[in-house]
Amino acid sequence: QVQLVESGGDLVQAGGSLTLSCTASGRFFSLYSMAWFRQASGKEREFVAAIGWLYGGVTNYADSVKGRFTISRDNAKDTVFLRMNSLKPEDTALYYCAARRSNLDSSSYLDQTWYNYWGQGTQVTVSS
């Protein structure tokens, strides 16, 4: 069983930066693929970024954040990060951390139902 706790959400001006963190409790964090999803008010939850297991895990990004966001992990600290640069008002959402004990699988990682564990979310608000 894994519990995920996100932090780092805040109110920021457009063009600014934030780093979100997601810390996992439980064993064998390095064997989990990790991802960030987000859900804006009135919209469905959408994929943001994912990172495979172990060190130097493969990363994948939604087109809307590619080049602006970076996902990374520190297996020694059981933590995954999402560095967000050049933030836009349309990035405003509740950001969720997700995990699955396997490596990234073809395109399944894009689907929120592929993940077994979820955090409660952290709010990111970008003002124009």
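Which residue is the bridge partner of Val5 in S3? The model is predicted.

**View 1. Val5 and Thr23 form a bridge pair.** Strand S3 covers residues 18–25. S1 and S3 run antiparallel to each other. Their pairing spans 5 bridges.

**View 2. An open sheet is built from 4 strands.** The order across the sheet is S1-S3-S8-S7. Pairing is antiparallel. Two strands sit at the edges: S1, residues 3–7, and S7, residues 69–74. Each edge strand pairs on one side only. From one strand to the next, the twist averages 15°.

**View 3. Asp78 has a positive phi in a loop.** This loop lies between S7 and S8, and S8 covers 79–84. The phi of Asp78 is about 50°. Asp78 is not a glycine, yet its phi is positive. Asp78 counts as partly exposed because its relative accessibility is 24%. The cut-offs explain the label: buried means under 20%, and exposed means over 50%.

**View 4. Ser86 has a positive phi in the loop between S8 and S9.** Strand S9 covers 93–100. Ser86 is not a glycine either, as its name shows, and its phi is about 50°. Is Ser86 buried, exposed or partly exposed? Its relative accessibility is 40%, so Ser86 counts as partly exposed.

Methods: Residues numbered from 1 in each chain as written. Predicted model: local features only at pLDDT ≥ 70, side-chain atom pairs only at ≥ 80, totals over all residues. Heavy atoms only, no water. Pairing = 2+ DSSP bridges. Axes fitted to C-alpha atoms, helices over the stretch in contact; angles between N-to-C directions. Buried < 20%, exposed > 50% of the residue type's maximum accessible area, 1.4 Å probe, protein only.
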